[in-house]
Number of protein chains: 2
Amino acid sequence: MATLKDVARLACVDVSTVSRALNNTSYVHPDTKARIFAAVKELSYQPNVLAQGLRQGKRHTIGVVVPRLHLTLFADITQSIESESRKLGYATLICHTEDDPVIEKECLNRLRNGFVDGIIIAGTGRNGHLLRDIHAGGIAVTQIVRKQEGSISSVIADYDACGYDTVRYLYSRGCREIGLINGTTSLAPYRERYNGYHRAMEELGLTETCATSPMPGNNFEYGYQCTEDLLNQNPELDAIMAAVDIQGMAAIRALKDRNIRVPEQIRLVSLTGHSIGGLLETTMTSLEIPAHEMGEKATHMVIDEIEAPSDNKPSVQHLVFSASLVERESS
Amino acid sequence: MATLKDVARLACVDVSTVSRALNNTSYVHPDTKARIFAAVKELSYQPNVLAQGLRQGKRHTIGVVVPRLHLTLFADITQSIESESRKLGYATLICHTEDDPVIEKECLNRLRNGFVDGIIIAGTGRNGHLLRDIHAGGIAVTQIVRKQEGSISSVIADYDACGYDTVRYLYSRGCREIGLINGTTSLAPYRERYNGYHRAMEELGLTETCATSPMPGNNFEYGYQCTEDLLNQNPELDAIMAAVDIQGMAAIRALKDRNIRVPEQIRLVSLTGHSIGGLLETTMTSLEIPAHEMGEKATHMVIDEIEAPSDNKPSVQHLVFSASLVERESS
DNA sequence: CTGAAAGCGCTTACAG
DNA sequence: CTGAAAGCGCTTACAG
């Protein structure tokens, strides 16, 4: 690999002049510039980003910390973050935590040391202290999907409204026995979906039927099990709300296995649409979360924070996106 | 952030001694060592990986270049690469190309310059020259899923066998009019699936019914459209093979929309199982690709190449994994 | 067993 | 308009 020095030698100038020409950081004589660019081309010179980073204290890299990718909203979000970052000249380092606080801690510790300028995280909520430390240490941080720390900016969807509005919607469709499949309420999104559900059910004078667990619950088996639980708890059930798509898919399957027709006997709505609802055999009504926009926005927020002068950092910002109901066959 | 210098000052030794103590690179007196570790702890010193990388010419990072994540095999593979890399002390930089050669080129160019020590790629096949250049320049490269370059190591599944065996399987179930939904044959995996299909059909004296396109074809609409094409081409169709899961899902839906029962009227098999087949309303028979093992293996191959001394690099290796048939309701 | 020095490839005041 | 020099934070021969 050619270095600045090689270019400088070939163009018969000092390395500093080459650097200035390449970065357009001060006037360089057109003739000199031409010689330099010719040399760059001939040697197919590419700057060493490591050295740039060391010198400038910037990596031009942002870390993305998410539980997992497959069949979750995080696949869309991660991809959106990556493509937006790339446009803005940043690379994306990814870590999957599987919602394990120990793995998360390990990832955060690696990221803090020169690996990245900023972090976008959907965290477990168990490493708050570390996260605040990292942020205080000068690394930009934005929370996505899960707002666990009030002192750190966030981009989330309005999960409370998701729960509330869906109950109201199902009520308007004639449902009175509405069950909820939820994940652990120790994570904010699940907690808030429940809050919304609870408030609406109370206002309407309906009785709650809930299935939940101390685990995150982001898998098919869990959703299947919860569906059975709900049916056992309340044989009169006429609607199921699933916190995430994969639970909704599991519910469809569990109902089919019991010969219960969707939506004729039980209506089903997923509270986290991420582009799979429309691809199913029975297409699934869902609240579509604007994953792409959220990823883009979080990327801009974290990069704005990175690039702001240290004496004028943007203030903490909590952004809430609305989900939109997409009606499909399941309701 | 504390630096080596800070630690050295606090422990009253030279930075070189601190470095040696921390890296266990030569004997350091136990007392000195103790002072150093105390200082490290007090300052909660963490080495700056950028500086280490610059000095050693190593980043301890590998780049992953894939078309996309959502609803594809690549989500599983990427996650497997990331967790395996992390265990081995490497971080993972990710790029999505959307199968666009221009984006791919841009990504590869960024990766080559100090960003990564190695690359694992499922490429478009349109930047072969660049890829060989990068490899020749000393960056380890392993191809995954798509083997486009014979001179670069690869980890793939036996797609030819997937096509061949599936025809044989469907034939044994009584099918004689077997259609194939495929992607562009300019990508090796699609081409080989077709080859296997073609050979088996010929051996059995059956007539081919194919739907394909110049595009990669990795989406639902395409699969839906191809299903309609196949049915128009051959109203007697009694089986459909879909190259990838998403096409299989689209086929199920298209058949449902035409009131064709699966598997009674048409049997369906996906040639690329990646853990979604079992989660569907009608569970889908598929050839399960060992994504996790493939990701792991590719990670080891690329890291072995990175860590081998430059005068003794491992030779090119092409690994082929077998897929295994998982029978479910759709066949 | 440890220190002083050079250098990885760049950028950026400082002169002129 | 351009060069010489310092320095980002490390590691590693080289002495002693």
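This is a short chat about a predicted model with protein chains A and B and DNA strands C and D.

Biologist: What should I know before I start reading numbers?

Modeller: The model is predicted, so local features need pLDDT of at least 70, side-chain atom pairs count only at pLDDT 80 or more, and totals for chains, interfaces and linings use all residues. Residues are numbered from 1 along each chain as its sequence is written, chains are lettered from A and ligands numbered from 1 in the order in which they are written, and side-chain values use heavy atoms, with hydrogens and water left out.

Biologist: OK, chain A. How many helices and strands?

Modeller: Twelve helices and twelve strands. Both are DSSP runs numbered from the N terminus: helices are H or I with at least four residues, strands are E with at least two.

Biologist: What is the radius of gyration of chain A?

Modeller: It is 25 Å for chain A, while a compact globule of 331 residues would have one near 20 Å. The radius is taken over C-alpha atoms, and the globule rule is 2.2 Å times the number of residues to the power 0.38. The C-alpha atoms fill a box of roughly 85 × 40 × 30 Å along the principal axes.

Biologist: And how much of chain A is buried?

Modeller: 58% of its 331 residues. Buried means under 20% relative accessible area, exposed over 50%, and partly exposed in between, with a 1.4 Å probe and protein chains only.

Biologist: Now strand D. How many residues surround it?

Modeller: 26, with Thr17(A), Thr32(A), Leu4(B), Tyr45(B) and Arg55(B) the closest. Sugar and phosphate make up 64% of the atoms of DNA strand D that come within 4 Å of the protein.

Biologist: What does Ser19(B) approach there?

Modeller: A phosphate oxygen of DNA strand D, 2.7 Å from a side-chain N or O atom of Ser19(B). Arg20(B) has a side-chain N or O atom 3.2 Å from a base nitrogen of DNA strand D.

Biologist: Last one, Glu305(B). Where is it?

Modeller: In helix H12 of chain B, residues 291–307.

Biologist: Why does Glu305(B) count as buried?

Modeller: Because its relative accessibility is 11%.

Biologist: What does Glu305(B) touch?

Modeller: Leaving out residues up to four places away in sequence, Glu305(B) touches His135(B), Ile139(B), Ala140(B), Val141(B), Lys313(B) and Pro314(B). Contact here means heavy atoms within 4.5 Å. The side chains of Glu305(B) and His135(B) are joined by a polar contact of 2.8 Å. That term means a pair of N or O atoms within 3.5 Å; within protein, one must be able to donate a hydrogen and the other to accept it, and residues adjacent in sequence count only if both atoms are side-chain atoms.

Definitions and conventions: A residue is near a molecule or strand if one of its heavy atoms lies within 4 Å of it.
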